[in-house]
Amino acid sequence: MPAMPPRLSRDFYARDTIIVARDLLGCELVHVMAEGTRIGRIVEVEAYLGAHDLAAHSAKGLTPRTQVMFGPPGYAYVYLIYGMHHCMNVVTEPAGNGAAVLIRALAPVQQLAGRSAGPGLLSKAMGIDRRHNALDLLGDTLFITAPASPVAETVVSRPRIGVDYAGEWANKPLRFYLEGNPHVSKP
DNA sequence: AGGATGATATCC
DNA sequence: GATATCATCCTC
């Protein structure tokens, strides 16, 4: 088995959120668990640009929940939605901006538990829940590695899912995915 | 189209 | 303390 590509650096996450979102496509999300290591290839993401983005949780300002979003880049922001599903994000840009990228779908690579097309499903398949909130993605438990091979697919952008309440921000094309990939949640 | 199901923010 | 809302998923 080939050596695993290097972990993404703090500087990778510190960049502009749209750039980070696009560059995360093709990267691999890794969760080292007692039962084994689960790995999925990122095929769909959404960018949440910061406190001025009305669709972002950080638009509410600094609260206990959004604390992680306003913190330094390269940390996991995981929350429970609709009382039953977990969503995983990575914090981007320098501390204070409240920006993050939601990971929406993975193609299975190793040991995924069930389907991973959609933010709730992928969290379940990867064994990720609220306990992972505020976890450093440069640590040894949960991290992201650079693409195992060059990303050949075309990246397409569409409006984000489930943010109709956000006015004109709901229409901005801040959802990115790999065209034609069968594991995208809503092609 | 509608229900599950609990944390969060925002009122009183 | 009560209530509305929710970056979803499943079943009908």
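## A walk from the DNA strands to the protein core

Let's begin at a phosphate: a phosphate oxygen of DNA strand C lies 2.7 Å from a side-chain N or O atom of Arg115. This is a polar contact, that is, a pair of N or O atoms within 3.5 Å; within protein, one atom must be able to donate a hydrogen and the other to accept it, and residues adjacent in sequence count only if both atoms are side-chain atoms. The model is predicted, with local features needing pLDDT of at least 70 and side-chain atom pairs counting only at pLDDT 80 or more, while totals for chains, interfaces and linings use all residues. Residues are numbered from 1 along each chain as its sequence is written, chains are lettered from A and ligands numbered from 1 in the order in which they are written, and side-chain values use heavy atoms, with hydrogens and water left out.

Tyr165 places a polar side-chain atom 2.6 Å from a phosphate oxygen of DNA strand C. Which elements give two or more residues to the surface near this strand? They are strand S3 (76-81), strand S4 (85-92), strand S5 (99-110) and helix H3 (119-126). Helices (H or I, at least four residues) and strands (E, at least two) are DSSP runs, numbered from the N terminus.

Looking at the whole surroundings, DNA strand C has 22 residues around it, the closest being His57, Asn89, Arg115, Gly120 and Tyr165. Of the atoms of DNA strand C that come within 4 Å of the protein, 58% belong to sugar and phosphate. A residue is near a strand if one of its heavy atoms lies within 4 Å of it. Sorted by class, the surface near DNA strand C consists of 14 nonpolar, six polar and two charged residues. Here Ala, Val, Leu, Ile, Met, Phe, Trp, Tyr, Cys and Pro count as nonpolar, Asp, Glu, Lys and Arg as charged, and the others, Gly among them, as polar.

Now turn to DNA strand B, which is surrounded by Lys60, Thr63, Arg65, Leu80, Tyr82, Gly83 and Met84. These residues divide into three nonpolar, two polar and two charged. For DNA strand B, sugar or phosphate supplies 47% of the atoms within 4 Å of the protein, and bases supply the rest. The side chain of Thr63 has an N or O atom 2.4 Å from a phosphate oxygen of DNA strand B.

Next come the charged pairs within the protein. The structure holds nine salt bridges, each a side-chain nitrogen of Lys or Arg within 4 Å of a carboxyl oxygen of Asp or Glu. In one of them, Arg7 pairs with Asp140, with the closest N and O atoms 3.1 Å apart. Arg7 lies in the segment before helix H1 (10-13) and Asp140 in the loop between H3 and strand S6 (142-145), so the pair ties together parts that are 133 residues apart in sequence.

Another salt bridge joins Glu46 and Arg104, whose closest N and O atoms are 3.6 Å apart. Because Glu46 lies in strand S2 (residues 36-48) and Arg104 in strand S5, this pair ties together parts that are 58 residues apart in sequence. Are these two residues buried or exposed? Glu46 is buried, with a relative accessible area of 0%, and Arg104 counts as buried at 6%. Buried means under 20% relative accessible area, exposed over 50%, and partly exposed in between (1.4 Å probe, protein chains only).

Glu46 and Arg104 also belong to a network of salt bridges that includes Glu44 and Arg175. Arg175 sits in strand S8 (residues 175-178) and, at 3% relative accessibility, counts as buried. Its side chain makes a 2.8 Å polar contact with the side chain of Glu44, and the side chain of Arg175 also reaches the backbone oxygen of Lys186 at 2.4 Å.

Finally, Val45 leads us to the nonpolar core. Val45 touches residues that include Arg104, Arg175, Leu24 and Phe176, leaving aside residues up to four places away in sequence; contact here means heavy atoms within 4.5 Å. The largest nonpolar core has 52 residues, and Val45 is one of those with the most contacts inside it, along with Leu24, Leu29, Ile42, Met88, Val90 and Ile144. S5 gives the most to this core, with seven residues. Such a core is a set of buried Ala, Val, Leu, Ile, Met, Phe, Trp, Tyr and Cys residues joined through side-chain atoms within 4.5 Å.
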